[in-house]
Amino acid sequence: MSKVKKAWFCQECGYESTKWLGRCSSCGAWNSMIEEVLAKEPERPHQAGAFTGQKSQPIPLPEVTFSQEARISLNNEEVDRLLGGGLVEGSLVLLGGEPGIGKSTLSLQIPLHCPHLKTLYVSGEESARQIKLRANRLTSSEHAANHCYILCETLLENILQHAQELNPAIIVIDSIQTMYSQHLDSSPGSVSQIRECAARLLQYAKERNTPVILIGHITKEGSIAGPKVLEHIVDVVLQFEGDSKNSYRILRGIKNRFGSVAELAIFEMLQNGLRQVNNPSEILIPMHAESLSGIAVAAMVDGTRPFLIETQALVSTAAYGTPQRSATGFDARRLNMLLAVLEKRAGFKLSVKDVFLNMAGGLKVNDPAVDLAVTAAILSSNFDLPLAPRSCFAAEVGLSGEIRPVAHIDRRIAEAQKLGFEAIYISKFSGKTDASLSKKIKVIPLADMGGLCKAISGRA
Ligand code: TYD
Ligand code: MG
C-alpha cells in the first residue's frame with residue numbers, strides 16, 4: 001500500500017505544517033489548521049507550479065526573444081483600462097468579490113459582448129438553464145451568443161480535457177472554490193484543492209496561451225476565501241467592491257503584472273447587467289437644488305483618473321457620554337485625527353459631538369486629498385452653514401493644522417473646471433499651477449485651519 005501523504009494547512013493563509021498547530025505560526029489565526037490529504041496517487045501528470053512541459057535552459061537576458069504582450073480587447077472600455085489595455089494572452093486573472101456583487105454577471109457579460117472570442121464558461125455553481133436565463137437578461141439577440149460555450153462541471157481534469165478539445169480564446173471558471181482535482185482527496189474549496197486547481201489552470205493558460213479568468217469568493221474578513229496563495233499564483237487580481245444596497249460597483253486592481261494597480265472602474269448594476277460609468281464625477285456629486293450644510297466636494301485622483309466626490313458630514317450634540325464617530329468609505333482613524341486637529345488647532349469642542357461621515361456612492365476613499373473636504377464638511381455641519389455652491393477642495397491636512405499640497409493638482413483643477421466648478425481650495429504650498437486653468441476657475445490657496453474657517457464663514 002502506498003503511503004498517503006498528509007499535511008496540515010491553515011485555511012486563512014495557506015501555511016503548510018507537518019503537524020497540527022493551535023495557532024498558525026504564519027498569520028496568527030487560531031484553530032485554523034485542517035488536515036488535508038496531499039496526494040492520492042503517487043504519479044501526477046503535472047507538477048503544480050511548473051508550467052512548461054519542456055525542460056528550460058538558462059539563457060542570457062539579451063537573447064530572450066521579446067515580443068510585445070499580445071492583448072485581447074474585451075469590448076469593455078473600463079475593464080480594458082483596468083487590465084492595462086486589454087487581457088494579456090496566457091494570463092491568469094482572479095476576480096474576487098462578495099457573493100451577489102456581480103462577478104458572474106460581469107464574467108458572462110464580457111464574453112457575450114465579444115462575438116469574436118470563443119469562450120468557455122465553466123460553472124460549478126449554477127445550472128446551464130440558470131446561466132441561459134441570465135444571458136437572456138444581458139443580451140437581446142439570442143443567436144448572437146453562438147461563440148459562448150457553457151460547461152457545468154467541477155472536476156478539473158474534465159474541464160481541461162474539454163478546453164483542449166474546444167480550444168477557446170478565453171476560459172472563465174466560476175468559481176475556483178467549487179473546482180476539485182481527482183488527484184487530491186480533500187474537499188473542494190480547501191486550500192490544497194484551490195492551490196492545485198489554480199496551478200493546473202495556470203499551466204494550461206501558459207501552455208496554450210489562453211487567458212483564464214478565475215472567480216473567487218471573498219470571506220467576511222475581505223480576503224479571497226481560503227488562500228492568499230491564489231494571489232501569488234495569478235497574474236492579475238481584480239476585486240469587486242460595493243454595497244449590495246447600492247447599485248454602484250467598484251472594480252479595483254489589487255495586483256497586475258501587466259499594468260498599474262492604481263486604477264479603478266465603476267459600474268452600475270441595472271436590470272440588464274452592468275453599465276460602465278465612464279464619468280464617475282456625474283454620479284458621485286449629486287446636484288442639490290439648494291445648498292445644504294455638511295456637504296463638501298473633494299477633487300480626488302484614483303490611479304491616473306481624477307474625479308469629484310461628495311463628502312457628507314453630520315455633527316450633532318452627543319446624546320450619551322461617549323460621542324459616536326462613524327465613517328463610511330473613509331478611514332475612521334483618519335477621521336479621529338482630523339477631529340483632533342480641529343479641536344486642538346481651531347478650538348472646536350468636537351469632543352462633545354457625534355460625528356458621522358459618509359462618502360457618496362459607496363466608494364472607499366484613501367486619497368489624502370480628501371482631508372480638506374472632510375474637514376470643511378464637518379465645520380459646515382457644525383455651524384449649519386452651507387459652503388459656497390460650486391466650490392470644491394483638494395488638499396491634505398497635517399497634524400499641526402497646516403494644509404498640505406497633494407499630487408496631480410493640475411489634473412484635479414482641470415477636472416473641477418470641466419464639471420463647471422467655480423472655485424477650488426488648494427494648499428498654499430502647492431507650487432505653481434497651470435495658469436491657463438486658473439482663468440476659468442478660481443484657485444484659492446489656504447495655509448492652515450484659520451484660513452479654512454475664514455473661507456467657510458465667507459470672510460476670506
Ligand atoms: P451575480 O453576478 O450572481 O453575483 P456573484 O456571482 O458575484 O455572486 O450577481 C447577482 C446579483 O446581481 C443579483 O442580486 C441580481 C443582480 N442582477 C441585476 O441587478 N441585473 C442583472 O442583469 C443581473 C444578471 C443580475
Ligand atoms: Mg456567481
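Predicted model: local features only at pLDDT ≥ 70, side-chain atom pairs only at ≥ 80, totals over all residues.
## Aspartate 371

Aspartate 371 belongs to helix α9. Its relative accessibility is 0%, so aspartate 371 counts as buried; the cut-off for that class is under 20%.

Leaving aside residues up to four places away in sequence, aspartate 371 touches Phe330, Arg334, Leu338, Ala395, Glu396 and Val397.

## Helices α9 and α12

Helix α9 covers residues 371-383 and helix α12 covers residues 449-456. Their axes come within 11 Å and cross at roughly 55°, which means that α9 is oblique to α12. The crossing of these two helices is right-handed.

On the α9 side, the residues that meet α12 are Leu372, Thr375, Ala376 and Leu379. Those of α12 are Met449, Leu452, Cys453 and Ile456. By class, the residues of this contact divide into 7 nonpolar, 1 polar and no charged.

## Alanine 416

Alanine 416 lies in helix α10, which spans residues 409-418. Alanine 416 counts as buried because its relative accessibility is 0%.

With residues up to four places away in sequence not counted, alanine 416 is in contact with Leu308, Cys392, Phe421, Ile424 and Ile441. The C-alpha atoms of alanine 416 and alanine 299 are 6.9 Å apart in space, while the two residues are 117 residues apart in sequence.

Conventions. Residues numbered from 1 in each chain as written. Chains lettered and ligands numbered in written order. Heavy atoms only, no water. Helix = DSSP H or I, 4+ residues; strand = E, 2+ residues; numbered from the N terminus. Buried < 20%, exposed > 50% of the residue type's maximum accessible area, 1.4 Å probe, protein only. Contact = heavy atoms within 4.5 Å. Axes fitted to C-alpha atoms, helices over the stretch in contact; angles between N-to-C directions. Parallel < 35°, antiparallel > 145°, perpendicular 65-115°, else oblique. Left-handed = near helix turned anticlockwise from the far one by under 90°. Nonpolar A, V, L, I, M, F, W, Y, C, P; charged D, E, K, R; others polar.
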